[in-house]
Amino acid sequence: MEEMEKLRAARDTLRCCLEVSKELSADLGNAKERLKKTNQRLALLESCISKISKKCSLYNKIKDPLAHTIHLSDSILKMFQLVSGLENTLLSSDPSSGLWDYLDTVKRSGESLRFLTGYCRLAIPWLEQVESLLEEDHDNPVADEGHLGNVKKFLGTLGEVQSMEERFWSKGGSLVSALDKLEGELATLLMGDNNMLDKVHAIVERLAANNRRESCVSVYVEIRSSFARDALQELGLDYLETPLNELESLQSVENMMIDQWGMHLEFAVKYVFEIEHNLCREIFQKHYSEIFVRIVTQSGIQSFFEFAKMVAKGKKEAIKLLKLLEIFAVLEKLRLDFNRLFKGKACRDIQNQTRDLIKRVVNGIYEIFWELPLQVELQQLPSPPPGNCGVPRLAIFVTGFCNLLLEDDYWLTLLQVLEIHQGWAHKEFNENLLTNEIHNIMTALEKNLEAQARAYADPTLSSLFLINANRYLSEYTRDSKLGDIMGDQWITRHEENMEHYIAIYLKESWKKLKDEEDFGDAFERICKIQSGVVLCDKGLRWRICEAVLQAVLPPYIEKYASQVVDIKYTPERVERMIRCLFQPELEEFGATNLTKCTELISKVNSAVANPISSTPTAA
């Protein structure tokens with residue numbers, strides 16, 4: 001019974017399970033339908049989510065460049081409006097009516113244009129990146145919604161805005177025209193007074209900031225060099241262009257005067273170039289040297305150098321020594337000014353020209369000075385010798401030249417020059433070298449005078465020549481620089497020589513009259529021979545005449561006192577004729593065209609004050 005109950009219970013349980021299975025089977029069938037419908041809805045949702053995902057992915061790629069572009073768009077718009085307004089101002093205004101406002105407008109225009117162009121240069125690459133992304137994902141819905149077209153349109157607009165800079169800087173463009181106006185205003189200001197320096201400096205600064213420095217410098221150099229050139233031409237500098245063949249004549253150099261060259265160069269350096277240097281430095285500041293050199297060069301400084309070089313290049317004659325000493329003295333006086341004005345690499349050419357000129361001058365002075373004794377000794381002797389027995393031009397020139405050379409200005413310069421030359425040669429310098437050379441010059445002169453005296457066939461004329469020469473050397477060197485160098489003993493020697501030749505002259509000429517049978521003929525012959533003789537000063541003439549009277553008149557009176565009164569030469573006439581000797585304009589035998597004694601003395605004085613223009617080729 002008990003087992004049957006268990007079986008019944010199992011049967012009921014199975015029946016119950018079967019019912020549950022049936023219900024579950026029905027529910028599963030219903031669930032299948034629901035799942036099928038859900039699956040269909042999920043496929044649609046997947047499609048929608050995929051589209052949204054694509055949009056989000058593309059947005060993530062372009063959001064940064066778009067954000068940058070949008071951020072710049074406001075600045076681009078503001079700058080565009082500002083540049084357009086400034087352009088109108090530039091076209092309608094002029095710097096002459098308001099320079100400072102005009103400069104400010106030019107500055108703001110340039111800066112604004114650079115900012116605008118810079119903003120465009122930043123925005124265009126970002127938009128090009130967006131354009132590229134949109135073109136790569138052309139199936140993306142975003143690309144199909146007109147965005148790509150808008151991006152392309154905006155890129156074209158930015159390109160046009162960026163091209164404004166090219167338009168502004170093209171020929172006839174607003175900024176080019178504005179800068180041209182500033183250059184014109186600069187030229188106007190430079191032709192005015194120096195009170196406009198602040199305006200000039202401001203214009204130069206603005207032009208330089210816009211890459212117009214070279215054209216600005218060209219305008220400045222052209223105008224300022226023209227001013228400098230005109231200022232120098234007012235001095236009358238035509239002589240600086242004298243050809244070399246004309247400068248070979250020292251008379252020409254003498255006429256033009258090196259001291260005039262020195263004054264003109266000093267004026268050019270201290271007043272013309274100094275002003276240009278200061279003005280140039282104030283306007284261009286650190287970079288002024290090259291510009292200043294261009295002004296100096298174009299104003300004609302080379303003509304000063306070339307003239308001095310041609311003088312140094314000419315013949316090695318004594319008078320040129322003084323001219324070269326004057327040139328060196330001028331250069332030495334201006335040395336500090338040259339060093340200050342023409343320093344730095346930009347002035348290298350002028351520095352080299354100056355050094356070359358100094359070298360030429362120093363070498364020329366050295367060579368001429370040491371050749372002077374030889375030049376004097378080798379002077380060609382006159383043929384025939386001077387008939388008036390006067391002081392030779394060579395003696396006048398050499399003594400006057402040496403006295404002039406020994407003046408402080410020349411002598412101190414000569415000492416300095418020769419010391420420099422010895423230093424270049426690494427030799428010791430001694431001032432005695434110069435004084436010894438002066439002695440050598442005078443010794444050479446003495447030898448030349450002795451040679452001239454020997455050229456006279458008549459010993460009487462030879463004696464008169466030596467009387468003149470020794471008198472001149474003793475009297476016209478006494479109490480002079482040359483006399484100090486030669487010494488009292490040298491002067492005394494020439495005085496004694498003069499006395500010696502006076503005695504010979506009287507013995508060979510007048511003392512022989514007392515032995516002549518026909519006094520009149522002998523007297524006439526001697527007077528005719530000596531009628532053209534000129535003595536170098538009145539004191540010497542008086543002394544010689546008195547010595548002749550003492551030698552002639554007493555014997556004549558004694559010898560002819562007892563003769564008839566109608567003799568041809570009375571003692572009075574003899575005395576009158578002797579006193580007329582050595583004065584060609586007074587003597588009875590003509591020769592009125594010979595040099596007057598007073599003219600000779602004048603020549604002596606002028607030789608000291610202004611030596612003759614060249615070493616004479618005939619004494």
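Predicted model: local features only at pLDDT ≥ 70, side-chain atom pairs only at ≥ 80, totals over all residues.
Student: What makes H10 and H12 roughly antiparallel to each other?

Tutor: The axes of helix H10, residues 258–284, and helix H12, residues 301–313, cross at roughly 155°. Angles over 145 degrees count as roughly antiparallel, and H10 and H12 are therefore described in that way. Their axes come within 11 Å, and H10 passes H12 in a left-handed crossing.

Student: Which residues in H10 meet residues in H12?

Tutor: On the H10 side they are Ile258, Trp261, His264, Leu265, Ala268 and Phe273, and on the H12 side they are Ile301, Phe304, Phe307, Ala308 and Val311. The residues of this contact divide into 10 nonpolar, 1 polar and no charged.

Student: How do you know that Cys580 is in no disulfide?

Tutor: A disulfide needs two cysteine sulfur atoms within 2.5 Å, whereas the cysteine sulfur nearest to that of Cys580 belongs to Cys545 and is 8.6 Å away. By this rule the count comes to 0 disulfides.

Student: Why is Cys580 called buried?

Tutor: Buried means under 20% relative accessible area, and Cys580, with a relative accessible area of 16%, therefore counts as buried. Cys536 is at 2% relative accessibility, so Cys536 counts as buried too.

Student: What percentage of the residues of the protein count as buried?

Tutor: Of the 619 residues, 45% count as buried.

Student: How many helices and strands does the protein have?

Tutor: The protein has 25 helices and 0 strands.

Note on methods. Residues numbered from 1 in each chain as written. Heavy atoms only, no water. Axes fitted to C-alpha atoms, helices over the stretch in contact; angles between N-to-C directions. Helix = DSSP H or I, 4+ residues; strand = E, 2+ residues; numbered from the N terminus. Parallel < 35°, antiparallel > 145°, perpendicular 65-115°, else oblique. Left-handed = near helix turned anticlockwise from the far one by under 90°. Contact = heavy atoms within 4.5 Å. Nonpolar A, V, L, I, M, F, W, Y, C, P; charged D, E, K, R; others polar. Buried < 20%, exposed > 50% of the residue type's maximum accessible area, 1.4 Å probe, protein only.
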